[in-house]
Amino acid sequence: GLFVWRLHSAGMQKVPCQFVHLCRVANNRLITFQYFNFLKRMYVTQYNKDLSQRAKPKPDSIVSPFHELQQLDQEKKVIHKISPISPVHQSWSETSSRSELREIKSAVKTEGLVTPVGAESKEDRQWKEMKLRLDDLPGILARLSKIKLTALVVGTASAGFAMAPVPFELPCFLLASLGTGLASCAANSINQFFEVPFDSNMNRTKNRPLVRGQISPLLAVCFAASCGIPGIALLTLGVNPLTGALGAFNIFLYTCCYTPLKRMSIANTWVGAVVGAIPPVMGWTAATGSLDAGALLLGGILYSWQFPHFNALSWGLREDYSRGGYCMMSVTHPGLCRRVALRHCLALIGLSTAAPVLGITTWTFPVISLPVNLYISYLGFRFYRDADRSSSRKLFFCSLWHLPLLLLVMFTCKKPVLEKEDKGDLLGESHERAVEIRLP
Amino acid sequence: PPAHSHSDWIGPPDKHSNLRPVIFYVPPEESALERRLREARQEAQACNQRFWARHNRTFRQEKEEFIYSRLKAKGLEMRDESGQKATLNAEEMADFYKDFLSKNFKKHLQYNRDWYKRNFTITFLMGQVALVRALRWLRWKKKNIEQ
């Protein structure tokens, strides 16, 4: 069969190394075909379509950048064969193969062929016993908790932590990251628990564990509870109550507001953007113990980023959303969809300029980030004007590298903490206070 | 699924509803609680199946009608010279998607409420069954140890 490798949304496994590369490549500002292919190879993830998957904010499809684009010109499918354990009493043998990801670069840029994977559909057509196998459990739970999205969420929370104007404390950082990750797992699991019949009907999400009956709903809920409760407890007791409260609030926002709202009103996009904006704020409060302007700015940047990211993605999913009953701007208010995307691209420029004003970064940050932000704004404008598949895809792909790059540049332009300490006793006191709060 | 199996079996996605059917195992000494759970799951499955099969069928039909009417308005046939089925591009289909979504909005709201209720009930029953089974097992263990 013809295996086509499909691009999955970003799963940044090893953020630092990729950042470095991105930095180097981005300096050229020439988005070559090779670069895109590299990005695509880098960003292999599983298909987690579902808005909740939107940008990463913890549970959010909108927030997650892991939307699957359906018909890309350079569409390639990744064959993901699940490693089966053949039970003793199963009469027919399952196609036992190890799970492997195979990438094949597609030579043709346009009109990629989308041929279904032979091996996958064969396994799909069989009847499976609904029995939980312990060997499969880690994989199943990883998919249930959308582990790659969670990793990205933890990444943004770390960015928030790193940007806070206090000396870096490793134990606090680790606790905050772990707590955030657990909370994200919990939220994602509950989201999938709620959305089983809808996920079955959308191409991007039809291979999720609950849809395939690999795990029972009860177990999914128990898993969510066993991640969420320790996660929030860890944040509240091990870091500080503010971070814990934000984490709990975010879980609530994602599972009880965003998920049902997806099927009721287009307002879900804005709620989802907030969900995405909270993790970096949590990182900041974990470090400093308070909600400063810097935290809000970082949250604002993530918030604005969600819109070009998600709106561009949803442009190609209109059919599935329409059939599935999801109320998304791209379906009901296409003009608004594009306007909002452009608006927020421009807002990013403004927010980047505000960073030095608030004392978070030096003035080099807006200067360096300006070309990047201008580029995404340009793509946003093209999307606004052309409103077609190719411009939406370009915008989406740009958003995938834009955010990590922006955060990296922000970090490198961070105002040195020493400088601030020189600025007098007041700051020194607040620094001490922050240290006290951090002590468990 | 094999006759001697003691668990539920889940099959491939249904052609119309895209949902995977489940064949439930009925244990010989099924308690009242377990029966309630199984019946709730069967009912939910049937209800979901009905809804999505009909919904998807409606979607396909209306999509065809839309394409047909639009092509006719443009003066084209359903199939062009090479025999390929003529399609409209995404922008033209967008009107249809928007229309379809708003037409079915109330239906979806009703279904959502229904689904959430069923989902919670089933999961709660599963919890109860699991609890009862666990207690039973603990009692059996205790008896074994005492013997």
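# A guided tour of chains A and B

Select chain B to begin: about 9,700 Å² of chain B is accessible surface, and carbon and sulfur atoms hold 55% of that area. Such areas come from the Shrake-Rupley method with a 1.4 Å probe, and for residues only the protein chains shown count as cover. The model is predicted, so to speak of local features pLDDT of at least 70 is needed, side-chain atom pairs count only at pLDDT 80 or more, and totals for chains, interfaces and linings use all residues. Residues are numbered from 1 along each chain as its sequence is written, chains are lettered from A and ligands numbered from 1 in the order in which they are written, and side-chain values use heavy atoms, with hydrogens and water left out.

**Chain B as a whole**

Display the C-alpha trace of chain B, which spans about 85 × 35 × 20 Å along its principal axes. Its radius of gyration is 24 Å, whereas a compact globule of 147 residues would have a value near 15 Å; the radius is taken over C-alpha atoms, and the globule rule is 2.2 Å times the number of residues to the power 0.38. Colour next by secondary structure: chain B has 3 helices and 2 strands, in the sequence pattern β-β-α-α-α. Helices (H or I, at least four residues) and strands (E, at least two) are DSSP runs, numbered from the N terminus. Of the 147 residues in chain B, 36% are buried. Buried means under 20% relative accessible area, exposed over 50%, and partly exposed in between (1.4 Å probe, protein chains only).

Two strands pair if DSSP finds at least two bridges between them. Strand β1 (residues 9–10) of chain B is joined to β2(B) by 2 bridges, and V22(B) is the bridge partner of I10(B).

**L37(B) in helix α1**

Move to L37(B), in helix α1 (residues 32–74) of chain B. L37(B) counts as buried because its relative accessibility is 10%. Neighbours within four places in sequence aside, the contacts of L37(B) are I122(B), L125(B), M126(B) and V129(B); contact means heavy atoms within 4.5 Å. Draw a C-alpha to C-alpha distance from L37(B) to L125(B): the two are 5.8 Å apart in space and 88 residues apart in sequence.

Select W140(B) in helix α3 (residues 105–146) of chain B. With 46% relative accessibility, W140(B) is partly exposed.

**Chain A and S189(A)**

Turn to chain A, which has 18 helices and 3 strands. Buried residues account for 60% of its 440 residues. Finish at S189(A), in helix α6 (residues 170–194) of chain A. S189(A) is buried, its relative accessible area being 0%. Not counting residues up to four places away in sequence, S189(A) touches L144(A), S145(A), A220(A), F223(A) and A224(A).
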